[in-house]
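Please look over the sequence and the structure shown here before reading the notes below them. The notes are meant for someone meeting this structure for the first time.

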Amino acid sequence: MSKERGQFSSRFGFITAATGSAVGLGNIWGFPTQTASHGGGAFVVAYLILAFLLAYPALMAELIIGRHTRHNMVAALPQLSSQPLPRLLGKVTGLYGVLTASLILSFYAIVAGWLMAQVPAAVADISGQSPAKNWFAQSSLARDGLFCALFSALTAAIVARGVKDGIERWSTRLMPALILLMLGLVATVLTLPGALEGLRLYLIPDFSLITDPALLTSAMGQAFFSLSLGVGTMLIYGSYVSKSDNLPLTGAYVALIDTGIAFLAGLLIIPAMFVAQHRGISIYNTDNTLIAGPDLILQTLPELFNSLGVAGGIIGLVFFLLLSIAALTSSISMLEVPVTFTLEQFKLSRRRATYWIATTIFILSLLILFNFDALFTTVVSVSTQYSQPLLGVLLCLFAGWALHRDKLLREISAGFPAAEQSFFWKIWPGYIRFICPLLIITMFVQNISS
Ligand code: TRP
């Protein structure tokens with residue numbers, strides 16, 4: 001078994017792949033737009049706190065279970081216990097995770113398709129092809145379906161190549177490109193008039209907002225989504241990590257880079273909104289709240305780019321390229337979840353499993369596209385607002401209660417010999433058993449009841 005299983009070739013390979021998974025539309029689209037709709041700096045502060053208080057410990061739970069069992073979530077969780085009930089619960093939780101990962105991919109591929117279409121739109125614009133530009137830039141069933149198909153095919157092509165030659169290779173190519181493009185864009189936008197006002201909204205928190213339950217639940221959901229938690233993505237990536245890696249440290253790098261890039265994206269988009277306002281583009285809705293969501297990314301920002309002439313065209317091109325790359329290194333990690341499950345459960349070849357699963361999920365995406373108003377937001381909220389936190393709780397409980405303390409310590413000590421004396425070992429096991437699940441459930445209930 002272990003001979004056929006892929007493994008990342010190095011710690012660097014794992015870190016790029018895991019941050020590739022973590023850094024995606026959640027960071028560059030989700031985080032800034034949520035910040036815009038929750039009053040700026042206060043959301044940023046709440047997010048940073050929750051990312052390290054809740055998301056990082058939950059990430060560690062997944063990585064540790066994954067490396068310990070070396071299996072996909074459905075096979076991994078039952079292995080943690082010898083009692084029939086937890087084993088059954090493990091299996092059900094695993095299947096729920098696989099299903100949720102597939103649902104997330106089905107809407108993620110649609111959104112990624114919208115963004116990818118903006119790349120040829122920008123090229124057509126720069127070269128003065130206005131009818132072509134309009135076709136690519138504006139939503140239609142044909143355009144959305146085509147680009148969703150293209151994005152899904154790219155995702156499948158990488159996953160079919162396996163862990164080292166597909167996922168790791170493409171993540172190490174794409175992630176540095178992403179960071180460079182982002183830094184370039186931030187530097188450019190911050191020099192434009194109006195940027196300072198955005199910077200102020202972004203960086204100076206209004207602490208009176210920070211106890212707002214809606215803000216806190218959104219920040220928690222955002223942190224879970226951004227670190228790809230709950231559905232077994234990080235569990236699978238953990239199962240490809242070598243025993244000689246220091247997991248708590250490696251996990252901390254992933255959380256830090258992910259949070260850092262979300263922060264950087266906010267530094268780009270919030271100031272860009274105010275640059276747009278400075279140029280006469282409206283950035284407020286009729287009820288005086290800041291524009292957020294698709295309107296911000298697909299209308300306000302392109303309007304801003306347009307108003308900046310040729311330079312704006314190039315900035316727009318780079319921006320949407322960046323989003324497409326970020327989406328791709330994330331979508332491969334989602335597809336990897338159902339693919340590894342089918343591959344290990346039904347002994348299919350990786351190629352065949354990828355083909356079947358990717359096709360099924362694409363059909364799901366088409367179903368959503370054809371019934372957009374009825375299905376899109378429902379699928380998003382069922383999978384991310386409800387299922388992800390719930391699965392997060394279950395995974396914490398499995399790591400904390402089902403995995404024996406000695407085994408846990410042995411797993412962490414592999415690659416981290418001083419683990420037993422570490423701060424991590426003193427805090428984390430108790431934390432993951434009680435505090436994490438309680439905090440998540442409290443926020444979850446609050447969210448449902450409001
Ligand atoms: N974290 C990614 C982002 O921020 C999305 C993602 C990848 C994801 N894998 C996941 C989200 C698994 C939830 C579950 O865009």
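Predicted model: local features only at pLDDT ≥ 70, side-chain atom pairs only at ≥ 80, totals over all residues.

Residues are numbered from 1 along each chain as its sequence is written, and side-chain values use heavy atoms, with hydrogens and water left out. Helices here are DSSP runs (H or I, at least four residues), numbered from the N terminus, as strands are (E, at least two).

**Salt bridges**

- The structure holds 5 salt bridges, a salt bridge being a side-chain nitrogen of Lys or Arg within 4 Å of a carboxyl oxygen of Asp or Glu.
- One of them joins the side chains of E411 and R67, at 2.7 Å from N to O; because E411 lies in helix α17 (residues 405-413) and R67 in helix α3 (residues 41-69), this pair ties together parts that are 344 residues apart in sequence.
- Both E411 and R67 are buried, where buried means under 20% relative accessible area, exposed means over 50%, and partly exposed lies in between (1.4 Å probe, protein chains only).
- The side chains of D144 and R143 also meet in a salt bridge, at 2.8 Å from N to O, and D144 and R143 are both buried.
- A further salt bridge, at 2.8 Å from N to O, is formed by the side chains of E336 and R350; this pair links distant parts of the chain, with E336 in helix α14 (residues 309-346) and R350 in helix α15 (residues 350-370), 14 residues apart.
- E336 and R350 are both buried.
- Through salt bridges that share partners, R67, K243 and E411 are joined into one network.

**Nonpolar core**

- The largest nonpolar core has 152 residues, of which Y237, F319 and W428 touch the most other members; such a core is a set of buried Ala, Val, Leu, Ile, Met, Phe, Trp, Tyr and Cys residues joined through side-chain atoms within 4.5 Å.
- Helix α3 gives the most to this core, with 17 residues.
- Leaving aside residues up to four places away in sequence, W428 touches P57, M60, A61, I64, A399, L408 and I412, where contact means heavy atoms within 4.5 Å.

**Helix packing**

- Helix α16 (residues 372-402) and helix α18 (residues 423-449) pack at an angle of about 160°, with their axes 9 Å apart; axes are lines fitted to C-alpha atoms, for helices over the stretch in contact, and angles run from 0 to 180 degrees between N-to-C directions.
- The helices α16 and α18 are therefore roughly antiparallel to each other (angles under 35 degrees count as roughly parallel, over 145 as roughly antiparallel, 65 to 115 as roughly perpendicular and the rest as oblique).
- The contact between them includes Y386, P389 and A399 of α16 and W428, I432 and F444 of α18.
- Helix α7 (residues 141-160) and α15 pack at an angle of about 160°, with their axes 10 Å apart, and α7 and α15 are therefore roughly antiparallel to each other.
- Among the residues that meet there are D144, G145 and C148 in α7 and R350, T354 and A358 in α15.

**An exposed residue**

- Y355 is found in helix α15 and, at 54% relative accessibility, counts as exposed.
- The C-alpha atoms of Y355 and T188, which are 167 residues apart along the chain, are separated by 41 Å.
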